[in-house]
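Take a look at the structure below.

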Amino acid sequence: MTNVYIEGVGMTKFGKFINKSMKQLLVEASIEALEDAGNPKVDAVFVGNFMGGSIGNQEILGALVANELGLGYIPTAKVEGACASGGIALRQGIMGIVSGEYDTVLIAGVEKMKHASTADITQAINAAMDNDSNEKQAGLTFPGFFGVLANRYFHETDATKEHLAMIALKNREHALHNPLAQFQKPTTMEEIMDARIITSPLGLFDCSPTTDGAAALVITRKKGAIHIRSSAQSSGPTQMQDADDLLSLPAVRESGRLAYEKAGVGPEDIDVVEIHDCFSMTEMLAIEELGFFNKREGWLAVEQGRTKVTGDKPVNTSGGLLSRGHPIGATGVAQIYQLVRQLRGTAPNQIENARLALAQNLGGTGSYSTVHILERL
């Protein structure tokens, strides 16, 4: 277990903000987190971000935050781990406190994507694949990768495209109650099933959107109400052809195993979960890899409504990446924001008496995964 606690949280609304810069979003979320924590002295800043340089021509994000907020000449850094940038930034802050180097750290995540064309965004995101490989030369993309996994899942189980649609619909229904979510328009199974195909069998609602937004946390060694019980990170294959099992994400499984071991709890003890649903199929695999349901049986749990806010293992009560939105560098931090609110009893889609919460943040096609387990004291 760690000796680290979460003292403050902040988050901008997720969506399209043409008139706000990445720095403005980053500072807005950071100020909210610092005020929530009572404006403590900050010893370091870690910022999760993936494509600020490639599509926004903006780096030095840690120093920008420190200077804008008058934090002094403290150490700062940007952390890049593709879509897991936020989760890895949090872990770096935790390690800094555990090592004794810092007492209090500001963690932030940010991405600005809506100003760029789909072609530019796609090219930037594909930097998170192994570009020195025959899979890249063959034209494999992220939707293509998870589309292959979905087809294989259908082949090995009795699941269908309708089960993926159930995940997309659940997360949209959760987002309807989250005022910070990107999508708050109701939808239906029929609309999801009939939506434009991105790569078969994944349709528009099965894929996370491009999003602007930021989130921030203040973590400290000073004992507080929300304890970071464990932090774990693992790596996995960077190419599909290296996978022993197409329906396994080893980085998710291993980071989950380590997090449970460090926390001294199991999947049966977790009350509420935020999972990296970059695609509906990713959520299906992650709920199995994290041990919430048996392998190849996640679809049955989805069909039975067990992952809804009313189920016994509620997943993505924020709306998830699919409907809360996916500003890449901010996603891992936003997951923690939602879970802290769950543990404080102030969340949209509040789970009654939630005490233990788990966040899983994925980078690449399974190249990185972080898992954090939080506890209400």
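The turns below walk through a predicted model.

Q: How many salt bridges does the structure hold?
A: A salt bridge needs a side-chain nitrogen of Lys or Arg within 4 Å of a carboxyl oxygen of Asp or Glu. By that rule, the number of salt bridges in the structure is 21.

Q: Which parts of the chain does the salt bridge of Asp206 and Lys161 tie together, and how many residues apart are they in sequence?
A: The two side chains meet at 3.5 Å, N to O. Asp206 sits in the loop between β6 (202-203) and β7 (213-220), while Lys161 belongs to helix α8, so the bridge links parts separated in sequence by 45 residues.

Q: Is Asp206 buried or exposed?
A: Buried means under 20% relative accessible area. Lys161 falls in that class, and Asp206 is likewise buried.

Q: At what angle do helix α8 and helix α11 pack?
A: Residues 161-175 form α8, and residues 280-289 form α11. Their axes are 9 Å apart. The two helices are roughly perpendicular, because angles of 65 to 115 degrees count as such. The angle is about 95°.

Q: Which residues of α11 make the contact with α8?
A: On the α8 side stand His163, Leu164, Ile167, Lys170 and Asn171. Facing them from α11 are Ser280, Met281, Glu283 and Met284.

Q: Where does the side chain of Glu135 reach, given that Glu135 has no salt bridge?
A: Glu135 lies in helix α6 (residues 134-137). Glu135 is buried, and the nearest side chain of opposite charge, Lys136, is 11 Å away. The contacts of Glu135 beyond four places in sequence are Leu140, Gln239, Met240 and Gln241. At 2.7 Å, its side chain reaches the backbone nitrogen of Gln241.

Q: What separates Arg257 and Glu261 along helix α10?
A: Their side chains form a salt bridge of 3.1 Å, N to O. Arg257 is partly exposed at 38% relative accessible area, and Glu261 is exposed at 55%. The two are four residues apart in α10 (residues 250-263), so the separation is about one helical turn.

Q: Which residue forms a salt bridge with Arg306?
A: Arg306 is partly exposed, at 30% relative accessibility. The closest N and O atoms are 3.0 Å apart, and the partner is Asp312.

Q: Which side chain does Arg324 join in a polar contact?
A: Arg324 lies in the loop between α13 (320-323) and α14 (331-344). Arg324 is buried, with a relative accessible area of 1%. At 3.2 Å, its side chain joins that of Ser318.

Terms used:
Residues are numbered from 1 along each chain as its sequence is written. This is a predicted model: local features need pLDDT of at least 70, side-chain atom pairs count only at pLDDT 80 or more; totals for chains, interfaces and linings use all residues. Side-chain values use heavy atoms; hydrogens and water are left out. Buried means under 20% relative accessible area, exposed over 50%, partly exposed in between (1.4 Å probe, protein chains only). Lys and Arg count as positive and Asp and Glu as negative; His and the chain ends are not counted. A polar contact is a pair of N or O atoms within 3.5 Å; within protein, one must be able to donate a hydrogen and the other to accept it, and residues adjacent in sequence count only if both atoms are side-chain atoms. Contact means heavy atoms within 4.5 Å. Axes are lines fitted to C-alpha atoms, for helices over the stretch in contact, and angles run from 0 to 180 degrees between N-to-C directions. Angles under 35 degrees count as roughly parallel, over 145 as roughly antiparallel, 65 to 115 as roughly perpendicular and the rest as oblique.
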